Amino acid sequence: MDAVSITDVHKSFPGHWGKGGVYAVKGVSLRIPEGGVYGLIGPNGSGKSTVMKLLVGLLAPDAGSCSVFGQPATAPANRREIGFLPENPYFYKFLTGEETVRFYGRLCGLRGAALKERTRELLELVGLTEAKDRRLRGYSKGMLQRIGLAQALVQKPRLLVLDEPTAGVDPIGSRTIRDIILNIKEQGVTVFLCSHLLEQVQEICDRVGVLYQGCLIAEGTMDELTRDDRHAEITLNNPTPELLEQMRQLAGDAWQDCRPARNSLETVFLRGIQAKLREKGMQNAESRSQNAE
Ligand SMILES: Nc1ncnc2c1ncn2[C@@H]1O[C@H](COP(=O)(O)OP(=O)(O)OP(=O)(O)O)[C@@H](O)[C@H]1O
Ligand SMILES: [Mg+2]
């Protein structure tokens, strides 16, 4: 059985007095097998959030159907199975991180020791244990996204729907969120997410759909979508100019290009920060040993 099955779904939003209506989703069909991670990408306004809201039952389609684990998306029994992180989650800013997770836990029927344990576990998972007693008013964007993720996971859903989980989060924070998603996937949870961070989508997702003006214009596994059989890349360790010249001659007309390999900007960013953290760690250790002397 598929975890998610969306079949020829259409959705439009009427305007005022017949003006300004929008045809947001035009016949989208997709399936996600149980345990899969599916990424939806597309420009602003292409209909990603609308598809997600249709799937979690917050919007009703004009035509077509959405089902989750074989049940219609709007079936109340499905509520327990789906965790949802909306695009702009709204939280009570006067609650602390811990109180917020507890609040959502109570809404999902948890009480007593089970609620306490689940709250502790989730704050740990999203890396907010130290900030748990601070009010959300003082949380940064990345911290709020992580609270949103904890909220979506509170009832141990079988399907997690994440609308831009890394929006506004710095590279280290988005790595943390990526690792959390991979961890959740390993536990067998199906994930449906959309994001503008294409590199992350490529790293996390098994399948990807490209949405454009409400239509899926490309769909497939990561390998199917990104494979380019007309070109090949060869990576050499410490190549000498002589070796490169030999290879160029051997390849003849097929030779196209040769340039140094490059690191991604993300790698440069993370390496720099990690080096600083190590430096700081060493300084702290030194000052501790000096104090001890
Ligand atoms: N409640 C609504 N009322 C009217 N129009 C809406 C509503 N929700 C979405 N739309 C319109 O539907 C289209 C698709 O919007 P949607 O939010 O699904 O796009 P998106 O792909 O999530 O964009 P983004 O990347 O900016 O989040 C847009 O033209 C949007 O203006
Ligand atoms: Mg959106």
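Trainee: Leaving aside neighbours within four places in sequence, what is V9 in contact with?
Mentor: V9 is in contact with V25, V28, L54, P61, G64 and C66. Keep in mind that this is a predicted model.

Trainee: Where is V9, then?
Mentor: V9 sits in strand 1.

Trainee: Buried or exposed?
Mentor: V9 is buried, because 25 other C-beta atoms lie within 10 Å and the cut-off for buried is 20 or more.

Trainee: How far apart are the C-alpha atoms of V9 and L54?
Mentor: They are separated by 8.7 Å, although the two residues are 45 residues apart along the chain.

Trainee: Which strands pair with strand 1?
Mentor: Strand 1, residues 2–13, pairs with strand 2 in the antiparallel sense over nine bridges. Strand 1 also pairs with strand 4, residues 63–68, again antiparallel, over five bridges.

Trainee: Which residues are bridge partners in strand 2?
Mentor: I6 has L30 as its bridge partner there, and S5 has R31.

Trainee: And in strand 4, what is the partner of T7?
Mentor: The bridge partner of T7 is S65.

Trainee: What order do the strands of the sheet come in?
Mentor: The order is 2-1-4-5, four strands in an open sheet with antiparallel pairing. Strand 2 and strand 5 (71–72) are the edge strands, each pairing on one side only.

Trainee: Changing topic. What surrounds ligand 1?
Mentor: The shell consists of F13, V22, A24, G42, N44, G45, S46, G47, K48, S49, T50 and E87. By class, that is three nonpolar, seven polar and two charged residues.

Trainee: Which elements supply at least two residues of that shell?
Mentor: Strand 2 (22–33) and helix 1 (48–55) each do.

Trainee: Which gives the most?
Mentor: Helix 1, with three residues.

Trainee: Now the core. Which residues touch the most other members of the largest nonpolar core?
Mentor: L55, A150, V161, V191 and F192 do, in a core of 58 residues. As a general point, nonpolar side chains tend to be buried together in soluble globular proteins.

Trainee: Take A150. Sequence neighbours within four places aside, what is A150 in contact with?
Mentor: A150 is in contact with V101, L122, L123 and V126.

Trainee: V101 is in helix 2, I think. Which residues of helix 2 are buried?
Mentor: In helix 2, residues 97–107, the buried ones are G97, E98, T100, V101, R102, Y104 and G105.

Trainee: What do they pack against?
Mentor: The buried residues of helix 2 pack against helix 3 (112–125) and helix 4 (141–153).

Trainee: What follows helix 2?
Mentor: G109 follows helix 2, and its phi is positive, near 90°.

Trainee: Which residues other than glycine have a positive phi?
Mentor: Q213 is one of them, with phi near 45°. N238 is another example, with a positive phi of about 40°.

Trainee: Where are they?
Mentor: Q213 is in the loop between strand 9 (207–212) and strand 10 (215–221). N238 is in the loop between helix 7 (222–226) and helix 8 (241–251).

Trainee: Let's step back to the whole chain. How is the protein chain divided?
Mentor: The protein chain is divided into domain 1 (2–226) and domain 2 (232–293). Taken over C-alpha atoms, the centres of domain 1 and domain 2 are 35 Å apart.

Trainee: How many helices and strands are there?
Mentor: The protein chain has nine helices and ten strands.

Trainee: What does the C-alpha trace span along its principal axes?
Mentor: The span is about 70 × 65 × 40 Å.

Trainee: How much of the chain is buried?
Mentor: Buried residues make up 31% of the 293 residues.

Trainee: Last one. Of the contacts with a separation of 6 or more, what share is between residues 24 or more positions apart?
Mentor: Such pairs account for 67% of those contacts in the protein chain.

Technical notes
Residues are numbered from 1 along each chain as its sequence is written. Chains are lettered from A and ligands numbered from 1 in the order in which they are written. This is a predicted model: local features need pLDDT of at least 70, side-chain atom pairs count only at pLDDT 80 or more; totals for chains, interfaces and linings use all residues. Domain bounds come from an automatic or database domain assignment. A residue is near a molecule or strand if its C-beta atom, placed from the backbone, lies within 6 Å of it. Ala, Val, Leu, Ile, Met, Phe, Trp, Tyr, Cys and Pro count as nonpolar, Asp, Glu, Lys and Arg as charged, and the others, Gly among them, as polar. Two strands pair if DSSP finds at least two bridges between them. A nonpolar core is a set of buried Ala, Val, Leu, Ile, Met, Phe, Trp, Tyr and Cys residues joined through C-beta atoms within 7 Å. A residue is buried if 20 or more other C-beta atoms lie within 10 Å of its own, exposed if 12 or fewer, and partly exposed in between; C-beta atoms are placed from the backbone. Two residues are in contact if their C-beta atoms, placed from the backbone, lie within 7 Å.
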